[in-house]
Amino acid sequence: MACRISPFLTFILYSFSAFLCLYAHEVRKSTESYHLHHTHTVQVSSLLPSSTCTATTKGPNREASLTVKHKYGPCFQSNKDQLQVLNHTEILLQDQSRVNSIHSMFSKNSDGNKLRESQATTLPANSGLTIGTSNYIVTVGLGTPKIDQTLAFDTGSDLTWAQCEPCATQCYNQKDPIFDPSKSTSYTNISCPTPLCSQLTSATGSPQQCPDSKCLYRVRYGDGSFTMGYFSKERLTITSDVVDNFIFGCGQDNEGLFEDIAGLLGLGRGQVSLVQQAAQKYSQFFSYCLPSTTSSTGYLTLGKGNEVSSSLKFTPMLTLSQGPSFYGLNLIGISVGGQRLSIPTSVFSTVGTIIDSGTVITRLPPTAYNALRTKFRDMMRNYQMTSASSPFDTCYDLSKSQSVSIPSISFFFDGDVSVDLDKVGILVMLSQTEACLAFAGNSNPSNIAIFGNEQQKGLEVAYDVVGGRIGFRPGGCS
């Protein structure tokens with residue numbers, strides 16, 4: 001006997017089927033909208049360096065604001081015919097040397113990676129200068145009358161130094177005139193032995209040396225470069241501000257991979273850093289925004305002024321027992337494409353994290369990096385992967401793509417602070433068509449994590465040493 005379906009039941013089945021179709025459509029729309037919201041779709045060409053400088057960024061209105069440039073970009077290398085090609089292999093090798101030095105420093109004893117909240121007091125310095133130099137530069141004045149000197153600024157170093165005439169042993173080529181202390185009316189040598197000279201032991205890790213009763217400094221970097229000369233006092237000019245009796249190294253023997261710059265500006269937490277020496281003037285507060293490309297500019301500001309943006313989100317600043325010149329923070333999580341990764345917070349807290357203006361590529365604990373890489377690869381599955389290029393293991397061939405959709409990446413810090421990374425800090429272009437995920441995993445799970453400058457691009461990063469906190473503001477260069 002044939003089975004008949006009542007009109008009412010037919011209506012119910014039809015309605016349910018229509019509902020399922022509508023629901024599936026809405027889910028698909030919602031998923032597409034979600035991924036659209038949590039990706040950056042950009043032209044591949046916009047991720048490539050330009051040979052033309054676009055110097056438009058102006059820092060916040062504070063006591064002093066310096067223009068930040070990239071050492072290898074056209075804003076510093078102004079002669080296009082002599083513009084240095086940005087050699088990623090060379091830069092990444094130097095970066096690995098710096099990372100190796102930092103990891104070595106923090107593995108010296110079992111307490112090396114332990115962090116504690118800053119009490120906002122003057123901290124003892126340690127050997128924070130054996131780590132290599134930064135690629136971001138500013139110009140300050142040295143001496144009376146002042147001579148402009150272009151220095152790489154570094155939050156992982158304390159001692160400021162510049163090449164000095166007569167270059168008793170050796171000086172490398174630099175773009176600015178080499179500073180000649182004999183032509184300055186405000187220059188003085190620090191004598192030895194004195195308590196002031198003894199600060200070098202903590203600032204450089206080397207014992208004080210006293211030839212001819214003059215205090216001699218020596219700093220050797222992780223890549224084999226070094227500088228040696230006289231520990232001295234001089235007038236430092238920052239825009240229109242003056243810091244008298246500024247302690248710095250007047251380099252007489254400077255060899256290695258410095259290239260074109262005059263020296264280094266130390267922004268670490270030790271006694272001889274600019275942050276500590278100018279504490280009365282700038283209240284141990286500074287911020288910077290690293291330019292999003294090598295052909296644009298950012299800023300370095302000193303002092304709070306009347307303009308600390310309310311959009312800055314602050315997380316506690318931590319002190320590192322084995323590297324007190326560095327700035328520590330508590331990274332607790334990561335999201336990719338808007339989805340929080342399942343990484344236990346102990347993965348980060350066990351080893352600790354520093355933020356460093358001189359390290360290029362962010363280094364993460366292996367467990368955290370593997371989770372980030374897996375999710376990133378899944379969201380980039382429509383793009384053809386290509387061979388790895390150390391330290392990167394997730395690279396793509398974009399030769400057939402005019403645009404690319406980059407999954408968003410956010411870092412989460414203690415204090416309910418989330419930081420959305422700029423798109424230029426997620427993918428790094430190694431050539432016109434090859435792009436790689438701009439993160440690396442530590443080879444040793446016990447090594448400290450490092451928040452590098454590639455991922456800091458486009459953010460305003462504020463250091464409030466007295467307040468014991470570090471702030472972040474997306475779109476900080478605009």
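Trainee: How many bridges pair β30 and β31, and in which sense?

Mentor: Strand β30 (residues 460-464) and β31 pair in the antiparallel sense over 5 bridges. Two strands count as paired if DSSP finds at least two bridges between them, and the strands themselves are DSSP runs (E, at least two residues; helices are H or I, at least four), numbered from the N terminus. Within this pair, Y463 stands opposite I470. The model is a predicted one, in which local features need pLDDT of at least 70 and side-chain atom pairs count only at pLDDT 80 or more, while totals for chains, interfaces and linings use all residues. Residues are numbered from 1 along each chain as its sequence is written, and side-chain values use heavy atoms, with hydrogens and water left out.

Trainee: What lies between β30 and β31, and which other strand pairs with β31?

Mentor: β30 and β31 form a hairpin with 4 residues between them. In that turn, G468 has a positive phi of about 65 degrees. Strand β14 (residues 313-316) also pairs with β31, antiparallel and over 4 bridges, with F314 opposite G471.

Trainee: What makes β31 a mostly covered strand?

Mentor: Of the 5 residues in β31 (residues 469-473), 4 are buried. Buried means under 20% relative accessible area, exposed means over 50%, and partly exposed is in between (1.4 Å probe, protein chains only).

Trainee: Why are C53 and C75 called a disulfide, and what is its handedness?

Mentor: A disulfide is a pair of cysteine sulfur atoms within 2.5 Å. C53 and C75 have an S to S distance of 2.0 Å and are therefore joined by a disulfide. The torsion about their S-S bond is about 100 degrees, so the disulfide is right-handed. The pair links distant parts of the chain, 22 residues apart: C53 lies in the loop between β1 (39-43) and β2 (64-70), and C75 in the loop between β2 and α2 (88-106). By the same rule the count comes to 7 disulfides.

Trainee: Are C53 and C75 buried, or partly exposed?

Mentor: C53 has a relative accessible area of 30% and is partly exposed. C75 has 9% relative accessibility and counts as buried.

Trainee: How do you know that C395 and C436 are bonded, and which strands does the pair tie together?

Mentor: Their sulfur atoms are 2.1 Å apart, and they form a disulfide. C395 lies in strand β22 and C436 in strand β27, so the pair ties together parts that are 41 residues apart in sequence. The torsion of about 105 degrees makes this disulfide right-handed. C395 counts as buried at 0% relative accessibility, and C436 counts as buried at 0% as well.

Trainee: What makes a set of residues a nonpolar core, and how many residues has the largest?

Mentor: A nonpolar core is a set of buried Ala, Val, Leu, Ile, Met, Phe, Trp, Tyr and Cys residues joined through side-chain atoms within 4.5 Å. The largest has 78 residues, and those with the most contacts inside it include I409, F376 and F472. Helix α7 (residues 366-379) supplies the largest share of this core, 5 residues.

Trainee: Which residues of α3 are buried, and why are they said to line one face?

Mentor: In α3 (residues 195-204), C197, L200, A203 and T204 are buried. Seen down the axis, they fall within an arc of 95 degrees, so they line one face of the helix; the arc is that of the directions from the helix axis to the C-beta atoms. What covers them includes β8 (216-220) and β9 (226-238), by contact, meaning heavy atoms within 4.5 Å.
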